[in-house]
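Me: I have a model open and would like to learn how to read it. Could you walk me through a few features, starting with the domains?

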Amino acid sequence: MAVDTLEPRGMRPRPFFTPRKIIIYSLLFFISVYYLFPMYVMIVTSLKSLDEARGGNIFALPIKVTFDPWFKAWDTACTGLYCEGLKVGFLNSMKITIPSVIVSVLIASINGYALVNWRFKGSEVFFVILLFGSFIPYQVMLYPLVIILRELHMFSTLQGVILIHTVFGMPILTLLFRNYFASLPPELFKAARVDGAGFWRIFIQIMVPMSLPIFVVAMILQITGIWNDFLFGVIFAGNQNYPMTVQLNNIVNSTQGVKEYNVNMAATILTGLVPLAVYFISGKWFVRGIAAGAVKG
Amino acid sequence: MAEATLAAQSKPEEISTRPSLLHNIFLRNLSAKIAALPMVLTVLVVFVGCSAWSVIYSFTNSGSLPSGKFVGFAQYERLFKTARFVGSAENLALYGVLSLVFTMVVGFLLAVLMDQKIRFENTFRTVLLYPFALSFIVTGLVWQWIMNPNYGIQKVAFDLGFTNFRFDLLTNSDTVIYGLVIAGLWQGTGFVMVLMLAGLRSIDEEIWKAARIDGIPAWRTYLQIVIPMMRGVVITTLVIVGSGIVRLYDLVVALTQGGPGFASDVPAKYVYDYMFARGNLGQGLAASTMMLVTVLIILIPWAYIEFGPKKNK
Amino acid sequence: MNKFAVAATMAAALMCGTAHATDLEVTHWWTSGGEAAAVKVFADALDATGTDKWIDGAIAGSGDAANPIIISRILGGNPMGATQMNTGRDAEQLIQAGLMQDLTEVATAEKWADVIRPAKLMDSCMFEGKMYCVPVNIHSQQWLWLSRPAFENNGMTVPTTWTEYVADFPKLKEAGIIPMSIGQGWPINTMWGVLLASIGGPDLFRSVNIDKSADAVRGPEFKAVVDAFAVVRDTADTSAIVPLWNDATQLVIEGKAAGNIMGDWAQGEFAVANQVAGKDYDCLPGLGMHAIVDTGGDAFYFPKSTDPEITRTQLELAKLMLSPEVQVAFNLKKGSMPVRGDVDLAAANACMKKGLEILADPANVLPTGEQTFSSDTQGQLQDLVLAFFADKSMTAEDMQAQYADIVAASE
């Protein structure tokens with residue numbers, strides 16, 4: 001922090017265990033415990049045999065580590081008549097998530113750019129309504145959207161679900177992009193205009209290369225949201241494209257005889273792996289992206 | 001967002017000094033307009049159109065399909081006589097206030113903590129942020145377990161000899177909302193922390209130096225200088241957190257199913273139940289219209305302050 | 001993920017994309033052990049035709065989770081081949097809108113009207129003289145399931161009536177056994193319905209559910225039922241209330257709970273756990289108070305398709321579901337009773353035989369709430385019942401008054 005750097009940095013060696021540091025790190029430690037605790041319970045439980053998971057202490061480490069629940073969740077857990085685990089939905093989730101993320105981020109970035117640099121009459125009004133839209137419960141729009149997509153012949157298709165994710169991702173993403181572009185120096189845009197560059201050229205050659213961080217943020221948000229979605233996937237993507245969350249729901253919310261907590265936990269972790277991996281890999285970018293200007297405005 | 005509005009004031013046409021053909025200008029404008037078309041359509045068709053659709057059908061006696069007859073305010077009269085709806089609105093209000101205050105305050109404090117030039121900042125940040133990557137199904141399942149008196153913390157404490165220890169928030173009507181808040185905070189504060197941290201980082205070091213020279217203590221610098229400068233991030237965060245609260249549904253279904261009884265029921269669940277499970281679209285849409293009206297009452301004054309007067313400058 | 005899996009998924013996607021004529025997707029919410037075993041009987045029967053194939057579209061989480069998906073898909077013009085659905089007024093609107101396949105042709109050819117009993121089951125599938133669904137089983141809710149070891153291992157005899165059972169509550173608690181396990185949500189409402197029919201008796205049940213008499217609700221007989229319900233409410237602690245109905249049954253199977261009120265489908269769970277009626281567990285229809293059963297049940301609807309091959313397969317499946325062999329095999333797995341009166345049920349267990357005996361006398365047969373109230377009114381009553389069960393401060397009089405208001409307002 002800035003305050004520290006102003007302190008004299010002479011010969012006096014600073015001890016590591018200052019009271020201030022002890023307070024900060026012990027605070028961080030306790031907070032981390034709260035955040036890590038549920039993950040710990042999930043992982044530990046998923047590595048226990050069913051008897052141990054049901055009978056024992058949920059905090060205890062497994063007496064005998066077994067990976068069977070993981071294999072079962074992925075490969076053989078039953079949902080209805082099919083005992084094929086989560087793996088069936090994995091590819092479908094990919095098929096839905098990848099194009100939806102690309103399209104929704106692209107459109108939202110163009111929105112943000114147009115809202116900042118190419119304002120037209122009423123553009124702010126559209127933006128405000130868009131923000132209002134993020135407060136409306138999805139369920140309310142379900143039936144009219146079903147009817148609209150039917151008329152467009154896009155119901156139960158990948159294009160349909162991509163469209164739905166684009167629409168519902170638009171408010172927050174547009175807000176982020178709009179704020180980001182607004183924080184860029186306006187001279188850049190003006191200079192490009194003076195050189196005669198048009199809408200798309202400025203966007204592609206100047207704006208996009210400068211806004212990598214915010215693209216990363218938007219993509220992370222969308223990957224998380226779309227990967228975890230259940231309702232839109234199951235209704236709009238069609239039965240041939242059921243996402244992984246459908247199997248997760250079926251595994252977690254149905255029990256065939258004894259409730260298999262260990263398999264449930266393994267299944268939830270497996271389903272969360274993709275967004276988790278995205279966070280672990282690009283977590284640094286995430287903060288940088290937001291810090292790079294997405295929050296100004 | 002004041003700067004954004006100002007930056008956007010400069011009209012592109014004015015600075016286009018090079019002589020250009022009329023149709024050239026027309027084409028340029030055209031591509032900007034075409035580019036904005038998806039947004040315009042989304043706003044008009046989905047957010048305005050579908051909302052209007054739902055308001056119109058809330059005045060009908062539609063059953064499981066939108067095809068009923070006009071019945072005036074009958075659905076609304078019934079709605080306000082229904083203890084469950086009124087109760088669910090109260091639950092949401094309590095949850096909303098607690099969740100909003102704690103998410104914002106805790107998120108900010110965590111960001112300040114992370115901003116203390118600590119070691120392993122990346123690790124700590126990831127730890128706080130990872131729950132945001134998980135679906136509500138996961139959050140519901142694991143917290144249900146931890147707070148279950150027969151399996152979770154209470155049982156462990158009991159086995160250790162603390163027989164009076166109670167941690168059964170979810171099974172008690174008076175405390176179930178707090179259980180929801182705890183699980184919701186677990187999932188959501190990390191993201192708010194990141195937004196706030198980004199806000200803190202975007203503040204010029206010079207401001208800190210100046211405050212230091214003036215002898216202002218750190219807490220006052222935060223309160224009186226830094227927070228006002230973070231207005232943009234605070235608004236972004238409020239929109240994200242607020243819309244999450246109003247639409248609260250998944251977490252409730254995954255964690256409590258609205259129970260015990262209806263102690264953790266929320267309006268979105270009422271809407272959903274009536275629209276789909278009970279085949280009474282009219283009633284569900286009346287409830288959703290009330291949600292919409294409430295949101296508008298809260299947001300329109302804000303939008304006016306934010307976007308209204310400045311435009312005429 | 002290997003190449004084969006990719007290829008298989010692609011192939012599957014292609015097949016569905018071109019709507020392969022003989023694949024029939026069937027949605028349902030039967031995902032517990034006994035239920036899945038029963039669905040498999042249908043699937044195997046269809047697959048055995050050699051030309052047609054059952055594509056399973058299970059959605060877990062009871063009808064509440066599946067309903068929006070089913071209706072959206074039908075409304076959106078991409079319907080499933082067949083779907084489980086609640087009979088009654090929900091389906092009526094879809095039929096009116098012309099979205100459902102007319103099954104009258106099969107019904108006439110197979111003489112359903114002659115074999116289905118009670119005849120009322122047919123009515124719930126009829127609309128303007130045409131048949132639109134296939135009732136596949138008779139479920140009755142009025143059952144109390146008791147764990148024999150829970151009583152016998154603690155020096156008690158297994159009760160034969162509700163009154164005896166309630167008297168054992170304190171002793172069971174002392175022995176560390178949950179007196180009665182309860183699933184959260186709708187199972188509480190089911191329990192209420194069972195108490196109303198079994199303790200209140202068929203006459204009270206009829207005047208409330210059929211005559212819709214608010215006065216009957218305000219009367220002393222009704223009060224006695226509410227009081228009994230309050231006893232259960234006040235006995236149940238947090239260990240007794242579990243998330244799902246089959247979790248509650250499981251506690252009885254393991255002997256951790258002494259009893260559980262649940263429909264006869266619970267029997268499917270006992271069967272999956274290889275327990276024997278009369279030896280490991282006991283069952284009391286009508287809680288041992290009145291010899292009654294209701295005739296709820298499940299039905300399948302067939303959304304209209306533009307593809308004649310799909311329509312053909314739909315009619316084939318409708319026929320198969322009611323064929324004598326499939327009826328027997330399916331119902332034994334499901335724990336329910338066949339809708340045909342002309343099938344041989346030598347294989348039925350002790351509990352199912354009790355049920356069939358009661359069913360033989362039409363005077364014992366009650367309609368279910370689903371057949372008498374709209375799903376809207378049912379929903380309101382369920383809200384009230386659940387609120388009463390969760391709130392120990394709510395008095396029986398409050399409950400009666402509100403119940404009467406809802407009954408009076410129902411059309």
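Reply: Happy to. Chain A is assigned domain 1 (14-76) and domain 2 (88-294), with bounds that come from an automatic or database domain assignment. This is a predicted model, so local features need pLDDT of at least 70 and side-chain atom pairs count only at pLDDT 80 or more, while totals for chains, interfaces and linings use all residues. Residues are numbered from 1 along each chain as its sequence is written, and chains are lettered from A and ligands numbered from 1 in the order in which they are written.

Me: How many residues does each domain of chain A give to the contact?

Reply: Two residues are in contact if their C-beta atoms, placed from the backbone, lie within 7 Å. Here domain 1 of chain A gives 13 residues and domain 2 of chain A gives 12 residues. On the domain 1 side, the elements that give two or more residues are α2 (19-46), α3 (50-55) and α4 of chain A. Such helices (H or I, at least four residues) and strands (E, at least two) are DSSP runs, numbered from the N terminus. The most comes from α4(A), with five residues.

Me: Which residues of helix α4 of chain A are buried?

Reply: A residue is buried if 20 or more other C-beta atoms lie within 10 Å of its own, exposed if 12 or fewer, and partly exposed in between, with C-beta atoms placed from the backbone. In α4 (residues 68-76), A:Pro69, A:Lys72 and A:Ala73 are buried. Looking down the axis of α4(A), these residues fall within an arc of 95°, so they line one face of the helix. That arc is taken from the directions from the helix axis to the C-beta atoms.

Me: Let's move to chain C. How many residues of helix α15 are buried?

Reply: Nine of the nine residues of α15 (residues 245-253) of chain C are buried, so this helix is largely enclosed by the rest of the structure. Among them are C:Trp245, C:Asp247 and C:Leu251. Just after α15(C), C:Gly255 has a positive phi of about 80°.

Me: And which way do β7 and β11 of chain C run?

Reply: Two strands pair if DSSP finds at least two bridges between them. Strand β7 (residues 143-147) of chain C runs antiparallel to β11(C), joined by three bridges, and C:Trp145 stands opposite C:Asn260 in β11(C). Strand β8 (residues 178-180) of chain C pairs with β11(C) in the parallel sense over two bridges, where C:Ile178 stands opposite C:Ala257. As for burial, five of the five residues of β11 (residues 257-261) of chain C are buried.
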